[in-house]
Amino acid sequence: MNSDNNDTRIIKMVRDAAQMHLVVATLLVTVTFAAGFTLPGGFESDKDSSDKGMAILTKKSAFCAFVVTDAIAFVCSAGAVFSHFVMAMTHRPKIEGQSDIVLTHKELRILMKTYRLATILLFLSMSAVVIAFVTGLYATLENSVGLAATVCVIGCLAFLIYVLVFYVICIEANK
């Protein structure tokens, strides 16, 4: 297979994967944005309180961890969306004929680096959203230690799944 055909195949694979990544990143931006305003535990509603409108759980460590990891997930997924937007705007391939996609080697290198960055940001966002989920539930279930601990263990399974997926990829890549 010559280099131009291989480049075309790589570009098509990146564009197909980028479409799926963009959907996931957009969903994560939406969910983390909403979670930032619908905080676990709710808001102080007593009209005579000096803390009216403030989050009830602000003094709990798990709640603080939730807010921070939710913000990290939001920023990383927004960065992934932006990276995909930049890829679409700056690397519009020149179409020759009906199916040939042509990019210079420099454009292809930049496209691949931007794609890798977006993928890393998406992975970081997915990791942070799992931590935000676990810490948010822990903050609201803190009085039920058994249930809170169970939720934490179940949440950690997501990271085990991530490791297993990477392990399978590495094993297959080395065959």
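The unreviewed UniProt entry lists residues 21–43, 63–86, 115–139 and 145–169 under "transmembrane region"; such annotations may be inferred rather than shown by experiment. The model is predicted, so local features need pLDDT of at least 70 and side-chain atom pairs pLDDT 80 or more, while totals for chains, interfaces and linings use all residues. Residues are numbered from 1 along each chain, and side-chain values use heavy atoms, without hydrogens or water.

Take two of the listed spans. Residues 63–86 are 100% helix and 0% strand, with end C-alpha atoms 34 Å apart. Residues 145–169 are also 100% helix and 0% strand, and their end C-alpha atoms lie 37 Å apart. Helices here are DSSP runs (H or I, at least four residues), and strands are E runs of at least two.

Helix 4 has 29 residues and reaches 42 Å from first to last C-alpha, close to the 42 Å expected at 1.5 Å a residue. That expectation is 1.5 Å times one less than the residue count. Its buried residues (under 20% relative accessible area, 1.4 Å probe, protein chains only) are Ala-148, Val-151, Gly-155, Ala-158 and Tyr-162. Helix 3 is among the elements covering them.

Tyr-162 also lines the largest pocket. A pocket is an open set of points on a 1 Å grid where a 1.4 Å probe fits, with protein on both sides within 12 Å along at least five of seven lines; lining residues have an atom within 4 Å of a point. The volume is about 340 Å³, the space filled by probe spheres set on the points. Helix 1 (3–37), helix 3 (105–141) and helix 4 (145–173) each supply at least two lining residues. Helix 3 gives the largest share, five. The lining holds ten nonpolar residues, two polar and no charged.

Terms used
Nonpolar A, V, L, I, M, F, W, Y, C, P; charged D, E, K, R; others polar. Buried < 20%, exposed > 50% of the residue type's maximum accessible area, 1.4 Å probe, protein only. Contact = heavy atoms within 4.5 Å.
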